[in-house]
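This report describes nonpolar cores and strand pairing in a protein model. Please keep the sequence and the coordinates at hand while reading.

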Amino acid sequence: MGDSKEAGAECPPAGAAARGGLSLLSQGESEEPSAQGSALFLGGNEVKSRAVVKYSSAPPRTAFARLEEKTDLKLPPANWLRESAKLGPAGTTILGNSKKSKPFSSFGMAYDFIDSVGNDVDVVSDSENIKKLLKIPYSKSHVSMAVHRIGRTLLLDELDIQELFMRSSQTGDWTWLKEFYQRLIDQKWQRKKKSKEHWYQKAILSKFLYYSINGDGAAQPVPSTAEQPESSSSDQTNDSDGASWPAPFEMPSSVSEDPSASSQGSEPLEPSYIVGHVASAPKEQNLTTLFNDGENSQGLKNDFVRNILWTFEDIHMLVGSNMPIFGGGRYPAVSLRLRDNNKPINVLTGIDYWLDNLICNVPELVMCFHVNGIVQKYEMIKTEEIPNLENSNFSTKVIKDIAQNILSFLKSNCTKEGHTYWLFKASGSDIVKLYDLTTLCEETEDKYQNPFTMPVAILLYKVACNMMMKKNQNKKHYGTIRTLLLNCVKLLDKSRHPQIIASANYMLSELFQLDEPKKEESSESPLNENSDESYSEEEEEMPDSDENGSYSTSSDPSDDNKAVAIIKSVGELSVPEKYKSIHQIRPSCTFPVCHDTEERCRLVLSYVLEGLKSVDSSIKKESDLPAADPNTPIPLKYEDESTRGGPEGLEKQMALFLDKMGSLQKGNYSSQSGMIPGSWQHKMKLQLILKSSKAYYVLSDAAMSLQKYGRALRYIKLALQSHDTYCCLCTNMLSEVLLFLSQYLTLCGDIQLMLAQNANNRAAHLEEFNYQTKEDQEILHSLHRESSCQGFAWATDLSTDLESQLSVSCKCYEAANEILQFSDLKSQNPEHYVQVLKRMGNIRNEMGVFYMNQAAALQSERVVSKSVSTAEQQLWKKSFSCFEKGIHNFESIDDATNAALLLCNTGRLMRICAQAHCGAGDEFKREFSPEEGLYYNKAVDYYLKALRSLGTRDIHPAVWDSVNWELSTTYFTMATLQQDYAPLSRKAQEQIEKEVSEAMMKSLKYCDVDSVSARQPLCQYRAATIHHRLASMYHSCLRNQVGDEHLRKQHRVLADLHYSKAVKLFQLLKDAPCELLRVQLERVAFAEFQMTSQNSNVGKLKTLSGALDIMVRTKHAFQLIRKELVEEFDQPKSDESPPAADSSPSLNREEVIKLLSIFESRLSFLLLQSIKLLSSTKKKTSNTDEDGVLKTNKQIYSQLLRATANKNATLLERIDVLLHLLDQLARGGGGVQ
């Protein structure tokens, strides 16, 4: 295929040649020599013309032979009607086609240059039609053309009324137009016979052209009856051979005999041009052009020798031309014409020659003059000189005005895409009328009788397809594409053209991007958002009559009623800008603005449904299917969980599902409707079903984000039913589709989990789940034609059981993960794979916690002495298994934080197991059992693993602190139990004390008292308690131990150390005064115990002084107790309501009274001992300080005795007395030596 060449710009002649546009058709056999643009200057009027050859099938130009004078053209040359080697395989077609252009010639060009249609080009037509229009003001001949609008492009085709009505007489088609024509235009029409002169002139011209190519050598018979050359002059073209017309739509190929015969023989019988099968199987982008190469030849073929993009002034035209062009010698290109010397050239012929040369960029014209077939002379004329020839003067400026006016008239009135308009001027008349044949046809019984309907619909479809195929297509063109497709669908009969309608509806659904967030459309006005027409009513209004007086809507003549518009006089076309177009640019077709995702998806589903209906209507096996009414809801099979078998039943269904997925890889196919794999129905239904599943998935996701979980489950069920049907029909499962399924199941798992966590609103969710729209029912009905749609029933049932919902959710994630394992999807979609594994880990954690809580509930209900039940152990195993799998999921994607949380939960499970074993046995004989120790140590191991998983606190401080706290708690619990229920039957006291001490110190290690956090007070209380318990243990050891003075001293030091640390920590807390008081009393007891072992009075006095000092320091604890008592006392007065939830825990009065009594007795005892010792020492030595202390102590002791003797004193009064006495003791230095 050779490159065509484009040259020249709008400049004076002799523009340089340059390589340009692509050859688009495969039948082109050689390249056209360079085309040149030219600008003509005539009488001061400048006319701009530029032509670019877009395609040429012409062989290299042949030099024409100048015939000798007196050559007799009536005699046939030796090569006449033979295929010449110089002409190449193109044969005689280079010399012009004897037939008129076919009725759909503009459509053939439009199909081949689809990029130009609707956008860049104003007119697509045969050059003969262009010339005929531009000669209207000069010619009396009739004009009859069909006009179609596609975007801003007008397609012009000759509408041969004579041929139409001949056909109508034979077949009954077009009777409505024949009746209309006879009623309003020409009541007595009859076919005009061509004269003998006409055939004589054609024969002369044919022989002249064969002589001119200097044909000699071997002549070959032409395979078909000759296609004779055609003169381009207007008087010879008007009555050329009739073109064959198509039957309306897909009828059997009928044969229409050409009514006229050539002088050399009859024309062959030609089949009608019918539209064949429409191939719309989606390809890479799920879109395709409508015809394949074989189908292009069925009457919609671009059969011009060359296609030229001609720019005449500001009008861009795609023109088809068959004019023979010759070359050779000093002339790069010339057109060759034969003229009768007795007939002068008239204006019509001059315009004809000038326009032909302009369109084909031919700089010169060679005319051969003859008299009665005898060659006389040759004359060479430059193209720009043609308008000035004698007897053929015309203004190029006027021609330009005519062109602009006609285009403006047509664009202003041919406004509806898909409609066939008829431009008609009767022979000898000055009035030009425009009719809307589509509207007239719709008034008849069969509105699909217009044979242009199918080619127009296909062209609309192809232009839309082409725009969709462009990857860089801006979304602002989506409104245009939508309008094209809606008009295409509106033109076609659903029963006759299900394939195009299905394909168009699928493309309409593709316009709405489901996988992208909605973007605001840049539409200035929303008035025309949902209009099916390209143009609004306002745009179709007639312009002001002052400016365009020839637009007539009057009803004076009877035939004006049906006309869309009328040019009252052809003379007006010569007036500059008489018909100023208001439609130079196609109005923007607004894309409907969808305010939310649901609206967008619903639009998509409406188109999908129309597509599915078209596909289903074309499948003839309806009778083989079970009868189903699309208006009857398909019952949702609800099963009680007890009958289905719960999670156990799920396992079987999952196994079946995975078997099915495995079989899909092998390409199993099972359609119930009998569709043939590979047929257009099969391919289209697959695409439509896949689109519906995507739309339902997006709807489900949107409902999920709105927390409408019942609705979300209904939509994901429909998405999975669609996908199940897709799987049944699909012969080769694409990895992309498997990925969709994995995403659907992941979302289904999310929904089931959220339903499990929102069980309190189950009734509302169930109501939403069971609701169905009519559209959904009809789509489901179409799905049920192919499949039972039960492949994913296990995943989409709305259960009432929490465990079942969690199990279903888990199985959904597992299935999604399994699908990713089938092919290389895991590595291709790492983000989705990570999300699936995270969700698997999360749901397994949820299930583990669920089973763990159930086990804890059973444990709390169990009688204390009873041993662990089998049910509890089963729940432990289930919980542990879930946690273990979840940990593995998180570790496989290096999610240390979540792995740590699951390890933490496993530790908690181990502690529950340990607690379960502590209940066994008699409470009085209770000892810390080996089983408890085992489980607590396992818990410790899991917590330590969690810390190792995290590595450092920086990774996730909150989780790190939580794990540390749980670990500290475990050590503390274990130590406390060993201390309180010492296993003395198995271990020695010293060993137990050692183990308790180690566990307590480890608990302290993981108890962070310094970091400021919400947990800090708890940590401080825990640490204080640990120090208190250790101090108490060492105190106890010291009391019970004999011998080994070194060990006793060590215990004494440790007890004192831990007591002091406990006091410091308890003093930091505002809500532990009783604990602080108890520790201080124990410290006093510890001092008293030490005093018993002392012999000297000085030592005893020193110890007593220390003990009294401890007593004084308890003042802080009593102040806290007093404050709480005062608050409790004041509260009922101000507010009868119970204390706020966030207030500190209420004071344990019994505990306070008990501790107060002990405190009073111990203070009394210490004061008495102090008085005794001080009195005895006073006798021996005289010391003024000691005298003062003695005096103070006596006073305090006396007051204390009186206070304790008063049994009616309230708790608050007793505390006030003690605080007063402690103040005195502190001031008097009762405890200071």
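Why is strand 18 (residues 364-371) largely enclosed by the rest of the structure?

## Basis of the model

This is a predicted model, in which local features need pLDDT of at least 70, side-chain atom pairs count only at pLDDT 80 or more, and totals for chains, interfaces and linings use all residues. Residues are numbered from 1 along each chain as its sequence is written, and side-chain values use heavy atoms, with hydrogens and water left out.

Strand 18 is largely enclosed because seven of its eight residues are buried, where buried means under 20% relative accessible area with a 1.4 Å probe and protein chains only. Helices (H or I, at least four residues) and strands (E, at least two) are DSSP runs, numbered from the N terminus, and two strands pair if DSSP finds at least two bridges between them.

Strand 17 (residues 331-340) runs parallel to strand 18 and is joined to it by seven bridges, with leucine 336 opposite valine 366. On the other pairing, strand 19 (residues 374-382) is antiparallel to strand 18 over eight bridges, and cysteine 368 has tyrosine 378 of strand 19 as its bridge partner. The hairpin of strand 18 and strand 19 has two residues between the strands, and asparagine 372 takes a positive phi near 55 degrees there.

## Nonpolar cores

A nonpolar core is a set of buried Ala, Val, Leu, Ile, Met, Phe, Trp, Tyr and Cys residues joined through side-chain atoms within 4.5 Å. The largest has 178 residues, and those with the most contacts inside it are Ile150, Trp422, Leu459, Ile716 and Leu745; helix 20 (residues 735-757) gives the most to this core, with 13 residues. Apart from it lies another core of 67 residues, including Phe1066 and Val1084.

Technical notes: Buried < 20%, exposed > 50% of the residue type's maximum accessible area, 1.4 Å probe, protein only.
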